[in-house]
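I opened the model and kept notes as I went. The entries follow in the order of my look-ups.

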Amino acid sequence: MAKPASPRSGQRRRMENFRKVRSEEAPAGGGAEGGPGAGPFADLAPGAVHMRVKEGSKIRNLLAFATASMAQPATRAIVFSGCGRATTKTVTCAEILKRRLAGLHQVTRLRYRSVREVWQSLPPGPTPGQEPGEPAASLSVLKNVPSLAILLSKDALDPYQPGYQPPNSHPAPSSQPTAPTSKRSLGEPAAGEGSAKRSQPEPSATEEDQTA
C-alpha cells in the first residue's frame, strides 16, 4: 500500500513550476529607508554613510566608496548592513575597513527582517485551475531572514551598549622575511666536498702488490 504524499512534498512539486522573479526587502520602522534614522542605529549623526550590502555586491567596489567617504573629515560614521546571504560580505567589508582605518569604534546589531519573494509560473503550461490564454500566475512568499548591521565610528561610542567593540590597539602583524634556504637536498654534498674527495689519488696496483 503506497504511503500518501506529505503536504511538504506536494508543495515542493508545485514550486518546481515557478521561478523567482525578484526579492523585495520590506522597509523597517524607525525612519525612512536608507536615511540616517533607518535601521537599528536611530541616533546617527547627519552625514553618516549607509552601505547596503547585497548578495551580488562587489566587495572591491563597496570598500572603494567606503574608504573614500571615511577619508573625508566631515564623515564620522559608516554603517554596513546586509541580510540573508549578504551577511558574510557585510562582516568582510567591516573587517577590511577596520584594518585600513585604525581607531574605529564598532557596534554590531543582529535582527530579523522580512523579505518578500515574487515567483512566476513557468511558460510550458498553466498552473492547475488556470485557463489557457490567461496571464502567468504569480506567488508572493514572505520570509524572515537574519539581518546584520555594523556601525563603524571615528568618535567614541557608549562602551556599555550591547555589541560594542573597542578599536583594535594591536595592529596586524607584518610578515617577517624568512631566511634564505639552501636549494641542495640533505643527501647532496656541499660544494667542494666532492672535488676534495676526487682529488685524493687512488692506490695504484704496485702499492697493492707490496702490501700483499
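In which loop does proline 162 lie? I found proline 162 in the loop between β5 (138–153) and β6 (164–165). Helices (H or I, at least four residues) and strands (E, at least two) are DSSP runs, numbered from the N terminus.

**Ground rules.** This is a predicted model, where local features need pLDDT of at least 70 and side-chain atom pairs count only at pLDDT 80 or more, while totals for chains, interfaces and linings use all residues. Residues are numbered from 1 along each chain as its sequence is written, and side-chain values use heavy atoms, with hydrogens and water left out.

**Proline 162.** Is proline 162 buried or exposed? I noted a relative accessible area of 63%, so proline 162 is exposed. The cut-offs are under 20% for buried and over 50% for exposed, with partly exposed in between (1.4 Å probe, protein chains only). I then looked for its contacts (heavy atoms within 4.5 Å). Leaving out residues up to four places away in sequence, proline 162 touches Val107, Thr108 and Arg109. Proline 162 and valine 107 are 55 residues apart in sequence, yet their C-alpha atoms are 7.6 Å apart in space.

**Strand β5.** I checked the pairing next; two strands pair if DSSP finds at least two bridges between them. Strand β4 (residues 105–121) runs antiparallel to β5, joined by 16 bridges. In that pair, arginine 116 has leucine 142 of β5 as its bridge partner. Strand β3 (residues 77–83) is also antiparallel to β5, with seven bridges. Here I found alanine 77 bridged to serine 153 of β5.

**Whole chain.** I counted five helices and six strands. From the N terminus on, their order is α-β-β-α-β-α-β-β-β-α-α. Of the 212 residues, 25% count as buried. Among contacts between residues at least 6 apart in sequence, 80% join residues at least 24 apart.

**Largest pocket.** A pocket is an open set of points on a 1 Å grid over the protein atoms alone, where a 1.4 Å probe fits, with protein on both sides within 12 Å along at least five of seven lines; lining residues have an atom within 4 Å of a point. I read about 540 Å³ for the largest pocket. That volume is the space filled by probe spheres set on the points, which are joined across faces, edges and corners. Its lining has 21 residues, with Ser23, Glu55, Cys83, Gly84 and Val115 nearest the centre. Two or more lining residues come from each of β1 (18–25), β3, β4 and β5. The largest share, four residues, is from β1.
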